[in-house]
Every structure is written in structure tokens, then in C-alpha cells.
Amino acid sequence: MAIRILRNLSSKHATTGAAAVSATLQFRRCKTTSAAYVASRARDITFEKLMDKYKNLLRVIAIQDLILASRSDPPSVSVDFLNRLSQRLHLNRGATAFLRRYPHIFHIFYSSARSQPHCSLTKTAMEISRLESQSINSSLPLVVDRLIKLLSMSLTKTVPLRAIFKIWKELGLPDDFETSVISSNPNIFALGQGNEPNTHVLKLVTEIPKNTLVASVEDWRIKECCRDDCSMDRTEILYSFKHSYPPGMILKRDFKARVKQWQGLPYTGPYDEFECQEEVKKKKKMSKRRMMEKEKRAVGIVHEFLSLTVEKMVEVEKISHFWRWFGIDVNVRDLFLDHPGIFYLSTKGYRHTVFLREAYERGCLVEPNPVYDARRKLLHLVAMGRRGRRGDPTQGEEESEVEEGQNR
């Protein structure tokens, strides 16, 4: 209701101010290489420290998934198998050295049945894994809602199934989501053949009422509108996004002016009808105002995409698989770098990862969820490393057990 009132209040403001915005709003950088542009970004030490932990967490999760996929009882894999995968898993010093860095997570033992060292998860790590699975299974209605919103942002209400597989963990989907989520809701989802051979697409087969699809940024706008000490003009909040910049970033006067003008620029929301790109190409060259609106629509879609994820973060490579289906044709990394008050781009750990800035405070989610809490417990074990195990007698027993087995 508050947003509807704002739309009525700002209809005249948007019409009269659009020409001025399109003429003066220019979030355009000087010509430079993408690598140089990424390197020149303002660093946020909080996110960088978080990614220092996450880059090792991702390797831990990769090994954990291999162990849990094993059919042995208890689940385990051979250390030799992991050593052969060292390059693919980015384990520079080999699997053995990596496993011994995290004794709270991995247990190395000698398998007499297979006559070689094996690796399993510790009781603590297994308990965290069970806790995450329970949290995911108990939140299946939320998972269904996330998929509905994701498909609703697509121009054709369709996305490739392989793209969903890329972000299934980020969306908090269960391991068997094809059965437990897609097949269990035939009135909502359907799998079909893609345009390429041996490819499938996930389609939204039901009509979703528009009033049920509300972007997460609308919640912030309503809160800002209702605040007594709101510093923004209520007619500007309608199309605004929350901004917070990296510590130490110099905000020049002209930059602040451009941001203020950009905030008031009207745009098409992530769930609103949008003109297909093919139709746009048939028309004459787009005006500067139209290009700005398209860019702001892309910001709105990425903002909503990140809001749908469990940890409000995703790898840039993964989100790029949805670009064409969302009708976006802007440079992905440049979009994040052009808006440092909304997104933060990190390059730690052989990958580019984008965070939703407003969702974090001091390296933690402002509004945590059960799945996030379970994953943070594992991250805590990663951060501990070998600490707390120096006086543990089981560690010495573990190493002697492996050595004795190899000498047999």
C-alpha cells in the first residue's frame, strides 16, 4: 500500500525529471581493460577477510560432498583418490596436507579392507551436515517460492536446468530437488526439452498473481518511507536502492550527485513485463535514457537474484548463465563495479564472487536463516584450522594408525 501511494505521488516527478536524469546521469568509466577495472575497485576489508575463509570452505565442501557421496559405511574416500583430484580441487600442496590442516572436519585412517589410507568426516562435521540437510528439508515451501520468483524474472518464465544445477546450493535446494521440489509440484513446474540436444529447461506452468511477487528492495523502501527521520525525499524512494560504501572510499561531490539522480531514475522491476531484446533490436537506436533504464533494471534483477540466495552471495560465473534468459545484455562485472554501494565484488580463491552489501553487517548476515547458520558452523571449523587439537591424543593415534597400516 505504501509503495502504491508513492507511485501516485511521484508520477509527475518521474515524468518531469526523466529528461534531466538521462542527460546528466553517466555512470560510465574511462576505457580500460576489465582486469584493470577490477583491480582499481575500492576494497572492503570485512568482505575480503570473509572470502579468505570462504575460499578454503569451498574446497572443504567439495571434499565433503565426495565423501558423503560414497556408499561405504561410514562414508569415506581414499586419500590417493583425492590426491589425483588435487589440481581440480585447487589443493596446491596435495590432498594429504590439506586434510591435515582441518582435523576438526576430516579424519584420516588406514582401511585394512582396501589397504590404503582413507578419509572420513569427523562426528562434528557429520552433525553439521545433518543439521544443514534438516534445515533445507524443513524449508521446502521457501525453496518452492524461490524457484517461482527465479522463473518469474525470466522473459519466457523458463531457465535451463543446468543453470539451476549451478546454483542449487546457493538457493538452498535439497540434493534431490528434481524429485522433492520439481516433480512433487507438477502444477507449478514442468521439465521440457531445450533447443540444444540433451538439454532440459525448467518452466513455470502456472500463472502467479503479480501482487504476490514483491521484490525484496520494496521492503526497504517501505521501511524508509515510514521512518520519521528519513533523510530522503519520499518521492525519490520509489526507485531507490540502499547504498553503503567500502570504508575509506572517497565519495566526490559529482559522484554523489550522479548517485542521487540515478536513484530517482524510473525502471522496470524484476517481475514487471519487459520488452524482449529481439523487439528492441528491430527499432531504432536506443536513447541514453532507455539505456540507463535497462542498466537499472539489470541492477534490480541482480539485487533480487542475490536476495533469493541463502547467503546473499554468488559466483559471477554462475549468475551469468541466467543473463540471456532475464533479457540482460550488459557486462556482468562492470555492472557490479559501477555500483559499489549496492554490490561488492571479491576476487579471492580463483573466482569472482559478488555480495549484496546491505545484507551483511560486520561479515555476517543481518537476517540469518537456519541453512546459513549450519554453514557458518562449518565455516567456524575451517577458521579454527588445527587450533584446539594440539593436545588431543587422537591426533597422534590417527597418524600412527596410518603409518602402521602402510608398513604392513
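## A sheet and its helices

Helix α13 (residues 288-308) lies across β7, β8 and β9, and runs at about 85° to β9. The model is a predicted one, in which local features need pLDDT of at least 70 and side-chain atom pairs count only at pLDDT 80 or more, while totals for chains, interfaces and linings use all residues. Residues are numbered from 1 along each chain as its sequence is written, and side-chain values use heavy atoms, with hydrogens and water left out.

Helices (H or I, at least four residues) and strands (E, at least two) are DSSP runs numbered from the N terminus, and two strands pair if DSSP finds at least two bridges between them. The three strands form an open, antiparallel sheet in the order β7-β9-β8. Because β7 (313-315) and β8 (343-346) each have a single partner strand, they stand at the edges, and one side of each is left without a neighbour in the sheet. Neighbouring strands are turned by 20° against each other on average, direction ignored.

β8 and β9 (residues 353-356) pair in the antiparallel sense over four bridges, and V354 in β9 is the bridge partner of L345. Helix α3 (residues 45-68) packs on the sheet, touching β7, β8 and β9, where contact means heavy atoms within 4.5 Å. The direction of α3 makes about 50° with that of β8; axes are lines fitted to C-alpha atoms, for helices over the stretch in contact, and angles run from 0 to 180 degrees between N-to-C directions.

## Cysteines

With a disulfide defined as a pair of cysteine sulfur atoms within 2.5 Å, the count comes to zero.

| Cysteine | Relative accessible area and class |
|---|---|
| C119 | 0%, buried |
| C364 | 33%, partly exposed |

Methods:
Buried means under 20% relative accessible area, exposed over 50%, partly exposed in between (1.4 Å probe, protein chains only).
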